[in-house]
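Please look over the sequence and the model before reading on.

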Amino acid sequence: MKVVLIGVGQAGGKLTQALAEFDHRMGFDAIRGALAVNSAKADLQSLSIDTCLVGQARVNGHGVGGDNELGAEVMQEDTGEVMGQLDGQITAEAEGIFVVAGLGGGTGSGGAPVLVRELARIYDIPVYALGVLPGRDEGAMYQANAGRSLKTLVREADSTLLVDNDAWHSSGDSVGDAFDAINRAIAQRVGLLLASGEAIEGVGESVVDSSEVINTFKEGDIAALGYASAAASEDSAENVTTTMSTARQALFTGTSLPDARTADAALLVVAGRPEAIPRKGVERARRMVEDETGSLQVRGGDFPLDSDRLAALVLLSGVERSDRMEEFMERAREANEQQPESDADPAAQFQNDELNDLF
Ligand code: GDP
């Protein structure tokens, strides 16, 4: 799937760069453009991808702190500048746009939904969000910001792929190490998902098509991604069990939203050397994903990749009713009540919560 990435805020910029680097290193060429947008000049200076500074008139390059309403405002005022810089990058071959952001901060949390809305207004291709949820131990402001940002993203984006900061790293990591580990995991896993619809030079055609990724996203508002890998035998017949156990692990312990398993649609991609991928194993694993997610729309396919491992990627779409989402929205709602501006109009509801949309 050929995409253009736009990272908003600090986490968004770092993740966008990590994704672009992984795609380049692997020779996938799925990422056709990468832009980092921020109101904090210093955060942009450490990046090597294209950058765009917004909100200079309001915050003079110093960022918006944790104020995501201000983040939304400065993005709204400067969308013209961002769109101008994207001109020529979003060409006819692009099949989707991803706006990438940490949802708990200010610039990304507020700016990403604004940018998604503007992009969706201008371009005919799907506009997705890749959002990072704050971990449980992050403060109330992060939880409240993320709740409002997510609610607005769900309204504006074709789908929002979520990664919880409590997933995809070891519990012993310090915060800094954890971010690095999570960013590497996101770059690899989301990078593989995007590349799975691309033909890779030297290893033949992929049997997963971009349209299968797009059609899976289409079935829900919120998506999660599961991943696991294991050493493969050279003989595909010996890999039937490995394929099953890897797919189970991706679904049960490897998802970007821990414990999100109920889904409206799913896509299972098994990556590895073509001769090592067992047809029977992929089909069995696909049926297992059907049983476990309760979805009858589980697509499946393989992704030829020159590696001595087998990897299973499971894209779950429509996880908004999962326990994990309920738990997060409850946390965000409680955190919002502790904030001074919490006396807002509870009219617009997402899963019956009292969080206001950002705009
Ligand atoms: P912004 O620059 O104002 O948009 O704020 P940040 O991008 O720093 O967003 C803060 C949120 O993103 C918090 O919930 C952090 O935990 C998270 N965050 C910040 N940096 C990173 C990072 O490099 N990786 C990940 N996974 N999360 C991050």
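## Glu138 and its surroundings

Apart from its neighbours within four places in sequence, Glu138 is in contact with Gly104 and Gln143, where two residues are in contact if their C-beta atoms, placed from the backbone, lie within 7 Å. Glu138 and Gly104 are 34 residues apart in sequence, while their C-alpha atoms are 8.8 Å apart in space. Glu138 is found in the loop between β5 (127–133) and α6 (140–156); such helices (H or I, at least four residues) and strands (E, at least two) are DSSP runs, numbered from the N terminus.

Glu138 counts as partly exposed because it has 19 C-beta neighbours inside 10 Å. On this scale a residue is buried if 20 or more other C-beta atoms, placed from the backbone, lie within 10 Å of its own, exposed if 12 or fewer do, and partly exposed in between.

## How the model was made and scored

This is a predicted model, in which local features need pLDDT of at least 70 and side-chain atom pairs count only at pLDDT 80 or more, whereas totals for chains, interfaces and linings use all residues. Residues are numbered from 1 along each chain as its sequence is written.

The protein chain averages a pLDDT (the predictor's confidence in each residue, from 0 to 100) of 92, and 94% of the residues score at least 70. Over residues 342–352 pLDDT stays under 50, and for these residues the model has 12 contacts beyond four places in sequence. The model scores are ipTM 0.99 and pTM 0.94.

## The ligand shell

The ligand is surrounded by 20 residues, of which the closest are Gly9, Gly102, Gly104, Gly105 and Gly108; a residue is counted as near if its C-beta atom, placed from the backbone, lies within 6 Å of the molecule. The elements that give two or more residues to this shell are α1 (9–26), α5 (107–122) and α7, and the largest share, 5 residues, comes from α1.

## Two domains

The protein chain is divided into domain 1 (3–195) and domain 2 (225–317), with bounds that come from an automatic or database domain assignment. The C-alpha centres of the two domains lie 27 Å apart, and 12 residues of domain 1 are in contact with 10 residues of domain 2.

On the side of domain 1 that touches domain 2, the elements that give two or more residues are β6 (159–164) and α7 (175–195), and β6 gives the most, with 5 residues.
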